[in-house]
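I set out below, entry by entry, what I looked up in this structure.

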Amino acid sequence: MRRFGACEKRWEELVSEEDCMFCKIVRGEMESEVVHDEEEVLAFEDISGKAPVHVLVVPKEHASSLTEVGKLSNAVTKRLFEVAQTVAEKMDIAESGYVFRINNGPDAGQEVFHLHAHVMGGERLGMP
Ligand code: AMP
Ligand code: ZN
């Protein structure tokens, strides 16, 4: 089994909600192209889209990653999935299909430590 060194152990990063980039977007302190906004979930365009459609879906409550998904209510967790489908319909990729992806931790290349799902489509996308 792979072992993590002392400095890798806390990869979920202790970014405070104050400093968290996606919390700032949620609070309206940073600009974003909002695609969908509701009480507990926000969806906005990825700043450097890697597909013709690339939207991020985030819970408004801060959770660093899937490691902390238990902080969120079941209803909010379910809404992340439902909003992804709503976004896909809005962006006209629901029928052609889309990727719903959450990067979790170093090997997945997670860069922003506020839980977010990528909704990507508009062209043929494979794994990973
Ligand atoms: P990851 O943490 O690997 O799942 O990816 C973070 C994603 O957030 C990347 O696709 C970035 O392009 C995107 N991103 C970073 N900063 C912003 C921002 N201010 N607004 C929108 N998207 C962002
Ligand atoms: Zn946050």
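For sorting residues, I counted Ala, Val, Leu, Ile, Met, Phe, Trp, Tyr, Cys and Pro as nonpolar, Asp, Glu, Lys and Arg as charged, and the others, Gly among them, as polar. I worked on a predicted model, in which local features need pLDDT of at least 70 and side-chain atom pairs count only at pLDDT 80 or more, while totals for chains, interfaces and linings use all residues. Residues are numbered from 1 along each chain as its sequence is written, and chains are lettered from A and ligands numbered from 1 in the order in which they are written.

Entry on the ligand. I looked up the residues around ligand 1 (C-beta atom, placed from the backbone, within 6 Å of it). They are Met 21, Met 30, Ser 32, Asp 46, Ile 47, Ser 48, Leu 56, Asn 103, Gly 109, Gln 110, Glu 111 and Val 112. This shell divides into 5 nonpolar, 5 polar and 2 charged residues.

Entry on the chain. I found 2 helices and 5 strands in the protein chain; these are DSSP runs numbered from the N terminus, helices being H or I of at least four residues and strands E of at least two. Along the sequence the pattern reads α-β-β-β-α-β-β. I took a residue as buried if 20 or more other C-beta atoms lie within 10 Å of its own, exposed if 12 or fewer, and partly exposed in between, with C-beta atoms placed from the backbone. Buried residues make up 26% of the 128 residues.

Entry on the sheet. In what order do the 5 strands of the open sheet stand? The order is β1-β2-β3-β5-β4, with antiparallel pairing. β1 and β4 are at the edges with a single partner strand each, so one side of each has no neighbour in the sheet. From one strand to the next, the twist averages 15°. Strands count as paired if DSSP finds at least two bridges between them. I noted 5 bridges between β3 and β5, with His 54 opposite Met 120 in β5. β4 and β5 are joined by 4 bridges, and Phe 100 stands opposite Val 119 in β5. Of the 5 residues of β5, 4 are buried.

Entry on α2. I checked the length of α2 (74-90). Leu 80, Val 83, Ala 84, Val 87 and Ala 88 of α2 are buried. Their cover includes β1 (34-37), β2 (41-45), β3 (53-59), β4 and β5 (117-121), where contact requires C-beta atoms, placed from the backbone, within 7 Å. Just after α2, Asp 92 takes a positive phi of about 65°.

Entry on Gly 97. Is Gly 97 buried or exposed? Gly 97 is exposed, because 11 C-beta neighbours lie inside 10 Å. Gly 97 belongs to the loop between α2 and β4 (98-101). I found its C-alpha atom 8.6 Å from that of Arg 124, which is 27 residues away along the chain.

Definitions and conventions:
Two residues are in contact if their C-beta atoms, placed from the backbone, lie within 7 Å. Axes are lines fitted to C-alpha atoms, for helices over the stretch in contact, and angles run from 0 to 180 degrees between N-to-C directions.
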